[in-house]
Amino acid sequence: MTILFLCVANSARSQIAEGLARKLFGASTQVFSAGCKATKVNPLAVAVMKEIEIDISGHRSKSVEDVGTQEISLVITLCQDEVCPAFLNRAKKLHWPFQDPGGSLENFREVRDAIKARLEEFILENPEIAGHGNI
């Protein structure tokens, strides 16, 4: 399975989701993230992931056009109040709305933990993708 997490700028929520999913799903699942427009990875996203020993400091922000669409089997959008990017291929699509964490470290932690909980729920619903990674 190949999963793409999408949000607006690919700076926070989708980067956090990518890092968490890579850890939780393991090598059996390819995981990517992108946004409407590439910006930069938010340093607070890097900081809150480092707190749980996941290093996303090497990630870069990517636009949807930077991701090869043919191999994507599942797209998960993470936008809440913004307009999420469209992804036009035959991939299954899910929408998990999470608030933009803004500029607060505490908000980033809350979003990280909420995304982690949703990913763990997703694993229970789809045990075939679990890489048995622990966070």
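I take a crossing as left-handed if the near helix is turned anticlockwise from the far one by less than a right angle, and as right-handed if clockwise. Helices (H or I, at least four residues) and strands (E, at least two) are DSSP runs, numbered from the N terminus.

Ground rules. I am working on a predicted model, where local features need pLDDT of at least 70 and side-chain atom pairs count only at pLDDT 80 or more, while totals for chains, interfaces and linings use all residues. Residues are numbered from 1 along each chain as its sequence is written, and side-chain values use heavy atoms, with hydrogens and water left out.

Entry: α2 and α3. I looked up the crossing of α2 with α3 and found it right-handed. The two axes come within 9 Å and cross at roughly 60°; axes are lines fitted to C-alpha atoms, for helices over the stretch in contact, and angles run from 0 to 180 degrees between N-to-C directions. That angle makes α2 oblique to α3. My classes for angles are: under 35 degrees roughly parallel, over 145 roughly antiparallel, 65 to 115 roughly perpendicular, and the rest oblique. For contact (heavy atoms within 4.5 Å), α2 supplies L44, A45, A47, V48, M49 and E51, and α3 supplies L105, F108, R109 and R112. By class I get seven nonpolar, no polar and three charged residues for the contact of α2 with α3. Here Ala, Val, Leu, Ile, Met, Phe, Trp, Tyr, Cys and Pro count as nonpolar, Asp, Glu, Lys and Arg as charged, and the others, Gly among them, as polar.

Entry: α1 and α3. Helix α1 packs on helix α3 (residues 105-125) at an angle of about 40°, with the axes 10 Å apart. This makes α1 oblique to α3. The crossing of α1 and α3 is right-handed. From α1, I listed R13, I16, A17, L20, A21, L24 and F25; they meet F108, V111, R112, I115, K116, L119, E120, F122 and I123 in α3. The class tally for α1 with α3 is twelve nonpolar, no polar and four charged residues.

Entry: α1 and α2. At what angle do α1 and α2 pack? I read about 25° between helix α1 (residues 13-25) and helix α2 (residues 43-51), with their axes 10 Å apart. That makes α1 roughly parallel to α2. The crossing of α1 and α2 is right-handed. I16, G19 and L20 of α1 make the contact with A45, V48 and M49 of α2. I count five nonpolar, one polar and no charged residues by class in the contact of α1 with α2.

Entry: the sheet. I find an open sheet of four strands, in the order β2-β1-β3-β4, with parallel pairing; two strands pair if DSSP finds at least two bridges between them. The edge strands, each pairing on one side only, are β2 (30-35) and β4 (92-95). From one strand to the next the twist averages 20°. Strand β3 (residues 74-77) is joined to β4 by four bridges, and the two run parallel. L74 stands opposite K92 in β4.

Entry: β1, α1, β2. Six bridges join β1 to β2, which run parallel, and C7 stands opposite G35 in β2. I followed the chain from β1 through α1 to β2: this β-α-β crossover is right-handed, meaning that, with the strands pointing away from the viewer, the path from the first strand over the helix to the second runs clockwise. Helix α1 lies across β1 (2-7) and β2, running at about 180° to β2.
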